[in-house]
Amino acid sequence: MYTNILIPTDGSDYVEPAIRYGLDLARRYDANVHALHVVDSSPLESDFDLTALETDVETLPEAWYDAGDTATQQIASQASERGLGVVTEVRRGIPAREIASYITDNGIDLVCMGTRGRTGLGRLLLGSVTTRIVRTVDRPIFSVKPKAVNAESELESERRGGFENILVPTDGSKPAREAVTHGLELAQTYDATLHGLYVVDRGAYASRPGWTWNELQHGLEQDGETVLENFQSRAASNDVPVAVELTHGVPYQEIVEYCDRHETDLVAMGTHGRSGLTRQIVGSVTERVLRSSDVPVLTIRRP
């Protein structure tokens, strides 16, 4: 499923968890690793009202490029130790723009990113960049918070041999079904249990004037039962252990709480979908999960 995995790096410790996950995924899928550092020209472009193409390379400190070389070579060294093919590149420009361009240019089919980091002038970078990539790039994005992997959890992960419980929140929409596909593939690869969660969104009532809450709730519950039956059927046909749950509440809160209750170690989500019968929600829900959960989140966006 994954043949070219991109790991953007700014050389900070915040990226280390994304590097470890990215290299493990590349090893399991025998994928090529791409390590990319973008020398961030946006502060200078803002000051001088220039575009990335017009910014004079000489205006950017050489030390920034050296730092980029060091950061990408560190990933290259770790990839080589695992017998993986690796490509490194240092670019200059607007980070989100350059990452998106690299993805297109190199046939990247999975991106592993930290959700915090730094830029050339010391500003926090990867959080905002990751959000832009998740919103705009039509590739799976694996987002990892720094505290998602600390020394203790890393040892536990090694003992487990990878993911044990993968959660796919689903509403039956096309992006959600695509997330199920990725969740199934990862569950097979890691010999994990796949969890399906359907949340009856209490906020949906406000979007359906003329309906009583009992009428709407009944319709949503029926929809959820159908979606989860299909989820179970797909898992069974792939010989993947499965658990499903239908719950009521605020979607992102229920997802985060489910992760805590079931020791979920990965969430796979579509970035657009529907709540209740028609409302678009999964995009906003996904971003809230990214902000609220310490669990790595794999997002799948489709136009």
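How many residues has α7, and what does α7 reach from its first C-alpha to its last? In this predicted model, helix α7 has 17 residues and reaches 24 Å between those atoms, close to the 24 Å expected at 1.5 Å a residue, the expected span being 1.5 Å times one less than the number of residues. Local features were taken at pLDDT of at least 70 and side-chain atom pairs at pLDDT 80 or more, whereas totals for chains, interfaces and linings use all residues. Residues are numbered from 1 along each chain as its sequence is written, and side-chain values use heavy atoms, without hydrogens and water.

The protein comprises 10 helices and 10 strands, assigned as DSSP runs (H or I, at least four residues, for helices; E, at least two, for strands) and numbered from the N terminus. Of its 303 residues, 50% are buried, that is, under 20% relative accessible area with a 1.4 Å probe, protein chains only. Buried residues of α7 include A176, A179, V180, L184 and Y190. The residue that follows α7, D191, has a positive phi, near 55 degrees.

Helix α7 (residues 174–190) packs with helix α1 (residues 16–29) at an angle of about 80 degrees, the axes lying 11 Å apart; axes are lines fitted to C-alpha atoms over the stretch in contact, and angles run from 0 to 180 degrees between N-to-C directions. The two helices are therefore roughly perpendicular, a term covering 65 to 115 degrees. In α1, D24, L25, R28 and Y29 meet E185, L186, T189 and Y190 of α7, contact meaning heavy atoms within 4.5 Å.

Definitions and conventions
Parallel < 35°, antiparallel > 145°, perpendicular 65-115°, else oblique.
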